[in-house]
Amino acid sequence: MSHADALHTSTGLDNRKLLMWLFLASECLFFGSLIGAYLLYRGDHEVPCVAGELSACVFPTDRTINGVEYQGLFDIPFTSVSAFVLLMSSVTMVLALAAIQRGNQRGLLVWLFATAFLGIVFLSGQAFEFTEFNEHGLSLSTNLFGTTFFVLTGFHGAHVTVGVLILLSLWVMAARGRLTQEKSLNVELAGLYWHFVDIVWIAIFTLIYLIQP
Amino acid sequence: MKLPRLSTRTLVLLSLLVLLAAALLLSGCGTSDLPQNTFAAEGEVARKQRDILIYWVLGPAAIIFIVVEGLIVYAMIRYRRKSDDEVPTQVHGNTRMELAWTIAPAILLLVLAVPVVEGIADLGRSPRADALHIRVTGLQWRWQFEYMDPEYANADGEPLRVFDEVHIPTKREIGLEILSADVLHSFWVPRLAGKQDAIAGSTRHMWLNADRPGSYSGQCAEFCGLQHADMRLTMVAQEENEFEEWIQGELADDAGSGPGDSADGPANGPEDGPANGPGAPAEGSNGE
Amino acid sequence: MAGVVTRPRPTSILEALRGVRQQAESYQGIWSWIATVDHKRIGMMYGVTAFCFFLLGGVEALLIRLQLTTANGQVLDPDQYNRIFTMHGTTMIFLVVMPLSAAFFNLLVPLMIGARDVAFPRLNAFSYWVFLGGGLLMNASFFTGGNIFQGELGAPDGGWFGYAPLTLNRFSAGEGIDYWAMGLQILGIASMASGFNFVVTILNMRAPGMTLLRMPLFIWMTLATSLLIIFAMPIIAVALFELLFDRLFEANYFNTLVGGRPLLWQHMFWLFGHPEVYILILPAMGIVSEVLPTFSRKPLFGYPFVVFSGIAIAFMSWGVWAHHMYTTGLGTVANSAFGVSTILIAVPTGVKIFNWLGTIWGGSIRLVTPFMFSMGFITMFIIGGLTGVMHSIVPSDYQQQDTYFVVAHFHQVLMGGAIFALFSGIYYWFPKFSGKFLNEKLGQLHFWLMFIGFNLTFQPMMVLGLLGMPRRIYTYEEGLGWEVLNMIATAGAFFIATSVLVFIINVVVSVRSKERAGADPWDGRTLEWSVPSPPPPYDFEEIPEVHTRDEFWHRKYVEDETGRMVPIVAGGALQEEEHEEEHQHIHMPSPSYFPIIAAMGLPLIAAGLIYWEWINMLPLIAVGAAMVVVGIYGWALEPEAE
């Protein structure tokens with residue numbers, strides 16, 4: 001993991017960077033599987049119900065939860081804003097990397113913090129949405145939609161949380177002057193991860209929120 | 001270190017022994033009339049499944065094994081190191097041979113695909129119009145059979161229901177609807193047909209027939225919990241008239257004991273009874 | 001960890017970390033193993049641990065065989081039987097064959113590509129400790145069923161394949177399945193960590209001149225396996241998460257009562273599970289491809305074809321998963337497609353076998369134990385492959401599916417295949433890492449006992465399957481014609497057990513013997529034989545320069561005028577043990593405690609989650625999470641080498 005490694009690797013690519021790319025490739029399969037399960041069940045508009053009332057079984061495309069009519073499960077404008085926030089955080093991430101590569105410590109501090117902050121805003125939005133759904137009676141165990149929705153978006157949220165922790169750790173390092181220009185790879189790696197998580201959200205947002213059956 | 005002595009004779013003897021043992025073992029399948037012997041097929045489906053294996057695969061596979069293994073044993077004996085400083089010619093490969101042993105097996109194997117696809121299509125067809133329809137439901141750990149044809153409905157219009165032992169007429173095709181009330185099971189009567197899994201939440205179909213009257217035993221083939229080994233069943237094939245006699249008797253008994261009676265219900269089925277579970281799933285919901 | 005506690009209060013985190021690290025370096029004995037990041041030590045720990053699990057899984061196998069020896073066996077009750085066969089399968093796959101392969105990756109990859117260590121030595125240590133923690137957690141489930149001494153077992157009872165919905169709370173009460181899912185999840189982390197590590201190591205750490213097509217075949221197979229691990233493991237991770245959410249938090253993924261589909265589990269499990277089969281067998285193929293050339297004194301026949309057939313197998317393994325599911329009723333189109341793809345995967349497998357035959361053909365063969373085990377592998381693997389083709393005959397597979405025919409088939413591949421090859425590797429490389437030979441006579445005894453025992457055990461099972469004996473049944477009645485064959489199989493199992501005992505005796509005897517193996521006892525061809533046995537911590541005094549495939553062989557032999565290979569007489573390129581002092585300049589990564597701290601946090605979190613509803617397990621989860629966080633931060637912040 002030492003920085004000297006980059007000088008004499010067989011491919012010329014730094015070990016850690018190669019590791020991060022492989023990790024992200026692997027993550028594609030992880031989110032792919034979760035999204036696959038969601039899509040599989042989304043097709044089931046009227047799953048035959050063996051026990052309990054019908055509403056418990058139906059994927060809530062008919063806008064019912066526990067038999068109560070509910071106009072529009074998703075608040076599209078709200079989620080669009082939070083998706084936009086996450087997208088913007090990718091921009092600030094790029095600016096943070098540009099700053100450290102130019103040796104601009106002040107810029108690094110500002111943009112790292114901005115990225116983490118936008119991440120936290122997104123997470124707050126998700127927390128609000130989860131609470132909101134929960135108050136309408138949708139939980140992990142309500143029906144297939146509850147299960148697939150909460151697990152998929154929850155795992156994405158967990159990834160964002162880890163990203164925020166990494167960003168904040170880097171920020172502390174930077175604030176103590178330990179994140180110098182020659183260590184810009186750290187920021188680059190965090191950036192790769194962050195952009196990936198961002199792209200995954202675009203996929204989830206499109207598939208769950210925008211293309212509803 | 002000393003080179004271990006492994007004489008040519010020992011190796012040849014050993015390989016002969018192996019072949020002999022294999023032949024002996026396999027011959028067991030061909031001749032015996034054992035209750036669940038897949039090679040002692042007594043129905044069209046089981047026969048087709050056995051014949052594809054025997055005619056298309058077992059023979060060629062045995063030949064390939066003998067040839068390749070023979071070459072290996074030959075090479076081991078022929079090319080043993082004679083002295084410690086001998087260095088053989090350093091052969092790195094031969095592209096023509098590589099192409100040969102890539103393309104030839106590929107062609108052979110693709111030929112094999114023909115009976116496979118043909119067999120899948122044939123076994124996967126729907127049962128004939130005049131078939132007897134039976135709904136099979138796997139329960140932990142029993143088999144429930146319902147005669148779905150209207151003429152075998154009891155006084156309440158409910159299908160006649162029996163457990164673990166089911167009677168069928170010979171020489172008539174049987175169309176089976178297979179369901180599960182709880183976990184996964186797999187319906188299997190080896191001498192009549194290969195298996196079809198019973199999937200909770202959806203219905204599966206298969207057909208079979210029996211050539212001759214007889215009692216054919218089978219059992220659940222998908223692990224389904226504690227008493228999986230005891231989830232056995234018997235398919236009794238009878239001549240058409242005997243079958244008719246039997247089923248009329250059952251219907252009479254059924255009327256005698258009253259509707260919804262669970263006297264012969266499963267001893268250890270789920271609490272909501274077998275009727276709830278399998279009844280609801282929609283037909284043909286096999287989107288998986 | 002004791003070191004961490006007893007230190008005086010440090011002034012800053014970084015200083016504390018440095019302190020721990022220095023102490024780690026000064027530790028001797030067991031602490032030097034706990035903190036080690038040396039790939040050879042980690043490899044040995046992997047190997048020894050996996051072998052212990054092998055014994056455990058073997059005892060489970062013997063119990064299964066004892067129960068089935070006669071009709072109406074009384075050795076185990078159905079509950080015990082189900083738990084034991086579940087643990088046998090899970091143990092042998094995830095705790096034996098995979099980690100034994102990982103042991104060889106660890107031991108050999110840096111030595112074979114001319115590197116001093118792997119790309120991420122601490123990640124490597126982390127991988128081992130996570131594996132150990134996961135294995136122990138999984139087996140701890142045995143104690144959750146009540147009084148284990150009265151035969152009340154608590155292990156998982158859903159089979160290694162864990163088909164939903166049998167694994168849901170409704171059908172499997174108790175914590176067995178939770179331990180199983182959590183254990184597999186943790187083991188998956190271990191596999192992924194080593195998978196990433198070896199891909200990066202192989203791609204990035206090769207010695208100058210070691211181009212991809214000069215890499216030893218074992219390295220190629222390691223690369224293919226590691227890539228399969230990286231891409232297959234996330235799928236099973238998601239499936240296990242879904243199962244765990246269903247079990248622990250009442251989610252509905254597999255709940256058929258509200259429309260959950262059991263086949264979702266099967267698709268995900270086998271989408272992981274079939275690449276997994278090749279994760280188990282490709283390293284074995286790599287080992288055999290190293291052993292045969294050495295003992296035939298010939299290069300591997302058709303090297304590029306063996307490499308590309310391995311890659312082809314790795315790719316095709318993604319397109320055959322549904323052949324485990326023919327009888328689930330996927331429909332004629334799906335069954336035909338998967339039938340044909342399964343038929344075709346036999347082609348690259350055949351290519352490998354023909355090339356191995358080409359390798360020994362015309363060679364100068366030494367029939368020593370490692371070679372014999374490799375030949376045992378090929379023989380059994382041919383049978384395994386041919387029976388594999390039988391399974392692609394979909395209509396016939398409707399009969400064979402879930403019978404002892406399948407049990408026989410995959411034991412041909414995984415035991416006759418993988419385990420034989422792994423033993424071949426153990427006999428081959430034992431001198432390299434211990435400096436001692438394994439006794440040849442005992443080795444031959446081990447091989448023949450195991451080979452005969454194996455055939456006695458598993459060939460009758462093929463016939464049993466054709467005679468209609470299903471898998472996973474704890475008992476059977478008389479009159480089905482299965483008694484004699486089952487008795488033979490049980491006898492065979494005890495042959496195998498005896499052979500393993502012979503192996504253990506062999507190791508003990510050999511380690512105590514005075515005879516020393518030199519650096520190159522077998523006249524090897526690859527770089528690991530160019531360094532002393534056992535290799536020094538830094539592997540290579542000087543990073544070698546590679547000019548050709550089979551580099552080390554070409555340092556020993558040259559062509560004379562007639563084109564024949566003759567040994568270079570004077571001195572050769574062998575070791576230079578005299579200049580010990582000059583190694584001071586070689587910087588090796590420092591030992592570290594953080595991998596084990598982070599790794600041991602995971603089973604604690606898992607245990608906390610399993611019991612979260614039962615009592616308040618938050619403290620346990622918090623401690624586990626704290627260990628993970630401390631471990632990772634310490635790891636990231638400590639300087640890697642002085």
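Two strands are taken to pair if DSSP finds at least two bridges between them. Helices (H or I, at least four residues) and strands (E, at least two) are DSSP runs, numbered from the N terminus. The model is predicted: local features need pLDDT of at least 70 and side-chain atom pairs count only at pLDDT 80 or more, while totals for chains, interfaces and linings use all residues. Residues are numbered from 1 along each chain as its sequence is written, and chains are lettered from A and ligands numbered from 1 in the order in which they are written.

Chain B contains an open sheet of 3 strands in the order β4-β10-β9, with mixed pairing. Its edge strands, β4 (165-169) and β9 (214-219) of chain B, each pair on one side only. Neighbouring strands of the sheet are turned by 25 degrees against each other on average, direction ignored; the axes are lines fitted to C-alpha atoms. Strands of a sheet pair through backbone hydrogen bonds, either parallel or antiparallel. In this sheet, β4(B) and β10(B) (residues 232-238) pair in the parallel sense over 5 bridges. Within that pairing, B:H167 has B:V236 as its bridge partner, and B:P169 has B:Q238.

For β10(B), the covered face consists of B:L233, B:M235 and B:A237, and the uncovered face of B:R232, B:T234, B:V236 and B:Q238.

Helix α3 of chain B (residues 95-124) has 30 residues and reaches 43 Å from its first C-alpha to its last, close to the 44 Å expected at 1.5 Å a residue. The expected span is 1.5 Å times one less than the number of residues. Buried residues of α3(B) include B:W101, B:L112, B:V116, B:I120 and B:L123; a residue is buried if 20 or more other C-beta atoms, placed from the backbone, lie within 10 Å of its own, exposed if 12 or fewer, and partly exposed in between. The cover over the buried residues includes α2 (44-78) of chain B together with α10 (303-316), α11 (332-344), α12 (346-360) and α14 (394-400) of chain C.

In chain A, helices α3 (residues 105-135) and α4 (residues 144-175) pack at an angle of about 155 degrees, with their axes 9 Å apart. The two helices are therefore roughly antiparallel (an angle over 145 degrees). The crossing of α3(A) and α4(A) is left-handed, that is, the near helix is turned anticlockwise from the far one by less than a right angle. Residues of α3(A) that meet α4(A) include A:L108, A:L112, A:G119 and A:L123, and those on the α4(A) side include A:G157, A:V164, A:L168 and A:W171; contact requires C-beta atoms, placed from the backbone, within 7 Å.

Most residues other than glycine have a negative phi, and most peptide bonds are trans. A cis peptide bond, with omega about 0 degrees, joins B:Q140 and B:W141, and B:W141 lies in the loop between β1 (132-139) and β2 (142-147) of chain B. Another cis bond, also with omega about 0 degrees, joins C:A164 and C:P165; C:P165 lies in the loop between α6 (121-140) and α7 (176-204) of chain C. A positive phi, near 60 degrees, is found at C:R472, in the loop between α16 (440-466) and α17 (483-512) of chain C. C:R472 counts as buried because 21 C-beta neighbours lie inside 10 Å. C:D550 has a positive phi near 50 degrees and is found in the loop between α17 and α18 (551-556) of chain C. C:D550 is buried, with 23 other C-beta atoms within 10 Å.

Definitions and conventions
Axes are lines fitted to C-alpha atoms, for helices over the stretch in contact, and angles run from 0 to 180 degrees between N-to-C directions. Two residues are in contact if their C-beta atoms, placed from the backbone, lie within 7 Å. Angles under 35 degrees count as roughly parallel, over 145 as roughly antiparallel, 65 to 115 as roughly perpendicular and the rest as oblique.
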